[in-house]
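Here are some notes for a colleague who has not looked at this structure before. Please read them with the model open.

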Amino acid sequence: MNQVLEEILKTGFTQKLDGSPHKVIGQISEEEGLLIQECAKECRANTSVEIGLAFGTSALFICESLRKNKNTKHTIIDPYQNFDHSYGGIGLNNLKRAGFENIVRFIEKPSHLGLAQLESEKVMVDLAFVDGWHTFDHVIVDFFMVDKILHEGGIVIMDDSDWPAIEKVCSFISSNRSYEFIRGTTPRTTSNGKEKNANNKRITEKFKNVINKTKSPKNQYGAMAFRKISHDKRSWDHFIDFL
């Protein structure tokens, strides 16, 4: 594990650009980072895309796990990295400190514009990590656009899938698109701090068909990974209810 990532995971702090300490809030768990790396290994990822950077924890996990060759590239889309006072360029600086600057491409745009740019450039990726704006409309658009540039056999990981809006997107993926659920991680939080049992029950009902096919005893996930089986072949009027 690279030193910058180890520092964040062990202490819960990272460095500002001036070298002073800064508390890391809302980072992914080590379990989720390991899920990302397992998925990268499974799909033999050379190229990847990530929505949302923050302090760079997930990006550090991703960059560490990519197969290194002349085509290796991790693209990050985030309009707030250099403007939000909470981040202030820390995520990009952490990638530089860890020695990944040469394989990172940063697009400072909203995700729908950044992903559209990648599609127009005919970029294709093996792995995608979605952790941007957490409203349903933004997340479903992120998934739709990611699907356009994801190779068959590639993997998309939806962060915070125990949040109601993202849970519904995962339900749509499972019921309407040619993707298979691979595995998930222990939930870290809920979006509003309410009792988790009710949400557990909803998740169990929605995903019982895939949960029963796994060895995991969990019935709620902090992140869910889906493998793309094929490109979109649905008829123009296809719809399966996912509510």
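Which residue in β9 is the bridge partner of E180?

1. The model is a predicted one. The bridge partner of E180 is R227, in β9. Strand β9 covers residues 223-228 and runs antiparallel to β8, to which five bridges join it.

2. These two strands belong to an open sheet of seven strands with mixed pairing. The order across the sheet is β5-β4-β3-β6-β7-β9-β8. The edges are taken by β5 (104-107) and β8 (179-184); each has a single partner strand, so one side of each lacks a neighbour in the sheet. From one strand to the next, the twist averages 20°.

3. Helix α2, residues 30-42, packs on this sheet. The strands that α2 touches are β6 (125-130), β7 (150-159), β8 and β9. The direction of α2 makes about 175° with that of β7.

4. A54 is not a glycine, yet its phi is positive, at about 55°. A54 sits in the loop between β3 (47-51) and α3 (57-65). D160, also a residue other than glycine, has a positive phi near 55°. The loop that holds D160 lies between β7 and α7 (164-176).

5. Are these residues buried or exposed? A54 has a relative accessible area of 23%, so it counts as partly exposed. For D160 the relative accessible area is 6%, under the 20% limit, and D160 is therefore buried.

Conventions. Residues are numbered from 1 along each chain as its sequence is written. This is a predicted model: local features need pLDDT of at least 70, side-chain atom pairs count only at pLDDT 80 or more; totals for chains, interfaces and linings use all residues. Side-chain values use heavy atoms; hydrogens and water are left out. Two strands pair if DSSP finds at least two bridges between them. Helices (H or I, at least four residues) and strands (E, at least two) are DSSP runs, numbered from the N terminus. Axes are lines fitted to C-alpha atoms, for helices over the stretch in contact, and angles run from 0 to 180 degrees between N-to-C directions. Contact means heavy atoms within 4.5 Å. Buried means under 20% relative accessible area, exposed over 50%, partly exposed in between (1.4 Å probe, protein chains only).
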